[in-house]
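Let's take a guided walk around a protein model. Keep the picture open while you read.

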Amino acid sequence: MSDDHEMKPGTRLTSAGRRKEWTQGIVNPPVWRASTMLFDSVADLRAATRRPNDGLYYGRRGSPTQWSLPEALTELEPGAAGTMLYPSGVAAITTALLSVLSPGDELLMVDSAYEPTRSFCEGLLKAIGVTTIYYDSMIGGGIAALFTDRTRAIFLESPGSLTFEVQDVPAICAAAKARGIATLLDNTWATPLLFPAIAHGVDITILACTKYIVGHSDVMMGSATATPDRFEKLRRTTHGLGQCVSPDDAYLALRGLRTLGVRMRQHQEGALEIARWLETRPEVARVLHPALPACPGHAVWQRDFSGSSGLFSIVMAKGDEAASAAMVDGLRHFGIGFSWGGYESLALPVYPATIRSATRWQAAGPVIRLQIGLEDPADLIADLTAGLARFGAPANG
Ligand SMILES: Cc1ncc(COP(=O)(O)O)c(C=O)c1O
């Protein structure tokens with residue numbers, strides 16, 4: 001529909017996936033909790049098994065609650081054919097990779113990938129005969145120099161985990177397309193709201209919905225959204241591996257999705273205010289935030305993204321692990337924990353050097369990752385001011 005294409009993403013967030021036949025007039029699709037579906041006759045049951053992707057069939061293939069969320073995510077990615085859901089972001093990453101790789105293939109993996117993504121390459125992928133070659137996240141179109149006859153897929157994560165390098169996704173995808181190589185992107189930081197990945201040339205875009213889509217730190221979920229060329233294989237691999245999500249979790253993720261726009265604006269505003277303030281602090285050597293010039297790939301972020309989210313890192317000018325722990329342990333408004341994307345702020349000492357192999361991470365001081373939640377930035381700045389004093393205290397200097 002032509003006016004569909006005109007719809008702004010914020011409007012799309014409120015309407016996507018709300019088919020009347022699924023909602024029955026209720027605003028949110030209700031929770032359809034089911035394993036067994038009952039049929040009126042053996043003939044009806046047989047007919048349903050011939051059309052397992054269309055209509056109620058068996059719990060693993062979902063019900064309207066689990067169909068509404070992927071349809072909504074597909075609607076947020078112009079050019080996409082469909083979306084599959086997974087019980088975690090990692091399950092989405094691993095299943096999407098398995099859908100494009102076979103024994104003997106080579107995978108090009110970004111060096112700044114999330115650690116469990118790398119572990120999957122070194123574990124299961126290696127065991128089935130897939131070779132992984134890591135590349136510098138700043139390689140851009142130069143990635144073509146790494147292609148061999150066996151290269152079948154390129155995995156991107158932009159911005160990179162812990163260090164936030166922004167990749168030239170369109171240049172990498174153009175090079176890949178010319179050789180029929182599949183491109184997969186972990187788009188968790190931006191979500192389709194800030195970076196519609198399929199429109200930028202990506203074949204399969206992956207979200208850890210656990211983060212911003214769910215938005216309330218209470219559900220694990222992943223998604224993979226693919227182009228028409230790649231969707232059928234993704235769907236078959238997903239079903240073959242038995243991947244599915246519960247209707248209750250799908251309901252909560254869908255509920256989170258509806259407020260993604262306002263939450264992201266607040267995350268962006270708070271994170272930028274705090275990141276800019278941190279840049280002025282003598283204890284901080286660098287602020288790695290894609291929207292600030294000191295971040296590698298900042299110009300690409302300016303060109304391709306429509307905004308920024310709430311996660312970034314700071315590199316300290318000096319100090320050690322004990323100083324980082326002293327700072328983080330005493331924070332009042334920042335929790336200490338893995339994950340991010342919820343409404344609450346988090347702080348975490350991180351160690352990029354241990355998960356880089358194509359490049360070398362070098363910095364004078366330790367790195368701390370901050371997730372800026374929906375609290376008032378003034379309170380967070382006061383908290384961090386006290387934290388920086390603990391970091392710089394003589395015993396830790
Ligand atoms: C960039 C990124 N991708 C994927 C994941 C994995 O998501 P999940 O924890 O839902 O498996 C994470 C989790 O922290 C992440 O940070």
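L162 is in the loop between strand 4 and helix 8, where helices (H or I, at least four residues) and strands (E, at least two) are DSSP runs, numbered from the N terminus. Heads up: this is a predicted model, in which local features need pLDDT of at least 70, side-chain atom pairs count only at pLDDT 80 or more, and totals for chains, interfaces and linings use all residues. Residues are numbered from 1 along each chain as its sequence is written, and side-chain values use heavy atoms, with hydrogens and water left out.

- L162 has a positive phi of about 70 degrees, even though it isn't a glycine.
- With a relative accessible area of 12%, L162 is buried; buried means under 20% relative accessible area, exposed over 50%, and partly exposed in between (1.4 Å probe, protein chains only).
- P159 also sits in the loop between strand 4 (151–157) and helix 8 (169–178), and a cis peptide bond with omega of about -5 degrees joins S158 to P159.
- T191, in helix 9 (residues 191–194), has a positive phi too, near 65 degrees, and is not a glycine.
- T191 is buried, with a relative accessible area of 1%.
- For context, most residues other than glycine have a negative phi, and most peptide bonds are trans.

**Around the ligand**

- Which residues come nearest to the ligand? Of the 14 residues around it, they are G89, V90, D186, T210 and K211; a residue counts as near if one of its heavy atoms lies within 4 Å of the molecule.
- A backbone N or O atom of G89 is 2.8 Å from a ligand oxygen, and one of V90 is 2.9 Å from a ligand oxygen.
- On its own the ligand has 390 Å² of accessible area, and the protein covers 91% of that (areas come from the Shrake-Rupley method with a 1.4 Å probe; for residues, only the protein chains shown count as cover).

- In helix 14 (residues 321–329), the buried residues are A323, S324, M327 and V328.
- Why do we say they line one face? Seen down the axis of helix 14, the buried residues fall within an arc of 125 degrees, so they line one face of the helix; the arc is that of the directions from the helix axis to the C-beta atoms.
- E321 and D329, on the other side of helix 14, are exposed.
- The buried residues pack against strand 9 (311–316), strand 10 (346–350), strand 11 (367–371) and helix 15 (377–392).
- At the start of helix 14, a side-chain oxygen of D320 comes within 3.2 Å of the backbone nitrogen of A322.

**Salt bridges**

- How many salt bridges does the structure hold? There are 14, each one a side-chain nitrogen of Lys or Arg within 4 Å of a carboxyl oxygen of Asp or Glu.
- R19, E21 and E71 are linked in a network of salt bridges.
- R19 counts as partly exposed, at 33% relative accessibility.
- R303 pairs with D304, their closest N and O atoms being 2.8 Å apart; D304 counts as buried at 11% relative accessibility.

- A91 belongs to helix 6 (residues 89–100) and is buried, with a relative accessible area of 11%.
- Leaving aside neighbours within four places in sequence, A91 is in contact (heavy atoms within 4.5 Å) with Y86 and Q243.
- Q243 is in the loop between helix 10 (228–240) and helix 11 (247–258), and counts as buried at 16% relative accessibility.
- The side chain of Q243 makes a polar contact with the side chain of T95 (2.8 Å). A polar contact is a pair of N or O atoms within 3.5 Å; within protein, one must be able to donate a hydrogen and the other to accept it, and residues adjacent in sequence count only if both atoms are side-chain atoms.
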